[in-house]
Amino acid sequence: MTPLSRFRALGADVVELLGSMRFAISLLVFICVASLIGTIVQQNQAANTYIDQFGPFWYAVFSEFSIWQIYNSRWFLLVMAFLVVSTTLCIFRNAPKMLRDARSFREYVRGSSLRAFHHRVELDSALAPAQACETVGGLLRAQGYRYRVREDGDSLMVAAKKGSANRLGYIFAHTAIVVILLGGLMDSELPVRLQTWLLDKQPVVGNMLISDVPPSGRLSARNPSFRANMLLPDGQQSSMGIVTEGRGVLLQPLPFTLHLKKFHIDYYSNGQPSDFRSDVTVTDLASGKSFDRTILVNDPLRYDGVTVYQSSFDDGGSKLQLKAWPLQGTQFQPTNVDGTVGQASKVPGSGLAVNFTGLRVINVENLEANKLPQPKGVVREVAAVTGSAVRAPNKGLHNVGPSVQYRVLGRDGQGHDFDQYMLPVNLNGFPVFLMGTRDNASKPYRYLRIPADDQGGLTEFMQLRAALDDPALRDEAARRFADHNAAPGQQQNLMYQAARGALRTFSRGGFNGIINSAPAAEREKILNFAVPMIQLSLVELRDLVHERNHEPPVARGGAQGEHESQWMQSAVLALASLPDYPASVALQLSSFDQVQASVFQIARSPGKTTVYIGCLLLILGVFSMFYIRERRIWVWIRPSNRGSNWLAAMTTQRRTLDFNHEFERLREALRRLSAGGSDHDV
């Protein structure tokens, strides 16, 4: 065999494989399984969501198969393309034969072969063959059959058919699959990826002004299909969408400019968002004409082939005013810090660079079980509006007030996320300020709980913290503790030395600093002795702070004394946790000027109409295959001594009870037409 022959044989085998029904069904099953995975696994979420759910190992494994964006993964699009090719080949190979068979009356069937049919009847009639043919034809025509007559010598073959449109069901159904898949491919990321492959488009990685993006990072304004996002702060306008491609983005020019006049958000009584919408002005870039429109969650804007959906909301660069409380040294007075969400600021005197990442004006938390809050993503807020997160009212839900999120480079040289609440939160019946921190987005926040003072602020705690870092005040507090809890003499001096050393170690490392060097078996005994001593010494230290500030001493008895004791216990726990806090200052939000931003999803999806056409074809195809039954009848009329002999047979693709009844009716009708002739079933 020559190489050319082998190549042709290989090509024929490939075409045979691609055009086989088994191959097409296998691909369809594969797509169904992949779609099932895409339905179960929530798509296009942040990486930390999947890491928390599956763990780092399986996250890395599943990422190789793009499980998180399964419908736009390369292998899924490739399988869809193969299914289009396979189904198209099936149609081209089988449709012509089906159409020819549907048009054919099969009048050249041999008369003798009719005796092999299961549903048959043989009759004798006094009518001549020509008259019998006319009579039988009238019967078939009355029952909706089309027929042809073939003369075979002295005999006549009447071939009739009805329901040939059943064959169109196969063609419609398979064509529908191709049309729907083509519509899906048109609305997928394939058009954008083709431009990156063929037109040398390069996604932009990193921050860059829109005006600085080169042509290679911009898609064509005539892009036939895209799905982009746009974040638009109040009062701003834009005519560019952002298309995510791989680890970068591409700019998608729009045929109009979108100006956000005002973003509105409404809340339920418990603080959850009930509705949000955007008042916008749309300006056509070609004609310059403008009009106003309100975009709602379930009522998008459609203009010039582009649909703008109200997708979400975010911060648009709110102005922040904060206090930076020092957590080291003997100074306790805060410094003022101004910042803007989305930008970095310097903390005066500390050298820390703070990147403010978010402002949440309303935080709805379930405090029924005294659980620590965790900031929720905007997706959760959007779900509450669209309905998927709406639940029965929960009495434990409370709005705990604004919070600010930021990121700094910590003492350990690593970046850390922080979440600080502006107002104190009641936990276990006592107001505390929550200062959360985490190492990365895949971990939950850990909270430092600082008790609020009588003025609802942090001042008293920060004064106590600064006094703990002052050796002179620390030694005086240890001396007062010894004077109040030990007899004069050597025992009092030993108690003083123990309290002095414990306070010094506690100020540097908390309780862990006290027990780290001790054997594991002795740690509980050491803590049982050290904790009460440190707490009572800190009470003395707090009295020293009050004396220095010319304030009355801390109450010891009554309801106020119980409150002060609870404050002190919370303060001790907070001071014990301070050495693990990864920053030298704590930022407290004092005021803000909120700037809201609307997040739009912008899409041009020509495949939608194509999919609708495919669905219509699929309905027609299924209806034709299941509700239109093809029936064929042959009547062989031969001359006989008494007139003519009739041999009739009937067949269909699916033998059902209805078909049996229909044949019985045909047989009875033929018997009546035979008019006086004898008949017998064979």
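Which residues of the largest nonpolar core touch the most other members? I started my notes there, keeping in mind that this is a predicted model.

**Entry 1: the cores.** I looked up the largest nonpolar core and found 76 residues in it. Phe 506 and Leu 538 are the ones that touch the most other members. I then checked where this core draws its residues from: helix H11 (residues 490-515) gives the largest share, 9 residues. Another core lies apart from it and has 25 residues, including Val 243, Ile 265, Leu 301 and Ile 602.

**Entry 2: Leu 538.** I listed what Leu 538 touches, not counting residues up to four places away in sequence. The list holds Leu 464, Leu 468, Leu 503, Phe 506, Met 568, Val 572 and Leu 575. I noted a general point beside it: in soluble globular proteins, nonpolar side chains tend to be buried together.

**Entry 3: helices H2 and H4.** I turned to helix H2 (residues 21-40) and helix H4 (residues 74-103). Their axes come within 9 Å and cross at roughly 150°. An angle over 145 degrees counts as roughly antiparallel, so H2 is roughly antiparallel to H4. The crossing of the two is left-handed. On the H2 side I wrote down the contact residues Met 21, Phe 23, Ala 24, Leu 27, Leu 28, Phe 30, Ile 31, Ala 34 and Ser 35. On the H4 side they are Trp 75, Phe 76, Val 79, Met 80, Phe 82, Leu 83, Ser 86 and Cys 90. Sorted by class, this contact has 15 nonpolar residues, 2 polar ones and no charged ones.

**Entry 4: Arg 167.** Is Arg 167 buried or exposed? I found Arg 167 in helix H6 (residues 166-186). Its relative accessibility is 16%, and buried means under 20%, so Arg 167 counts as buried. Leaving aside neighbours within four places in sequence, Arg 167 is in contact with Met 98, Asp 101, Ala 102, Arg 106, Glu 630 and Gln 653.

Entry 5: I looked up Ala 142 in helix H5 (residues 129-142). Ala 142 has a relative accessible area of 69% and is exposed. From its C-alpha atom to that of Val 611, 469 residues apart along the chain, I read 40 Å.

Ala 583 sits in the loop between helix H13 (558-577) and strand S22 (585-593). Ala 583 is buried, because its relative accessible area is 4%. The C-alpha atoms of Ala 583 and Leu 666 are separated by 94 Å, and the two residues are 83 residues apart along the chain.

Terms used
Residues numbered from 1 in each chain as written. Predicted model: local features only at pLDDT ≥ 70, side-chain atom pairs only at ≥ 80, totals over all residues. Heavy atoms only, no water. Helix = DSSP H or I, 4+ residues; strand = E, 2+ residues; numbered from the N terminus. Buried < 20%, exposed > 50% of the residue type's maximum accessible area, 1.4 Å probe, protein only. Contact = heavy atoms within 4.5 Å. Core = buried A, V, L, I, M, F, W, Y, C linked by side-chain atoms within 4.5 Å. Axes fitted to C-alpha atoms, helices over the stretch in contact; angles between N-to-C directions. Parallel < 35°, antiparallel > 145°, perpendicular 65-115°, else oblique. Left-handed = near helix turned anticlockwise from the far one by under 90°. Nonpolar A, V, L, I, M, F, W, Y, C, P; charged D, E, K, R; others polar.
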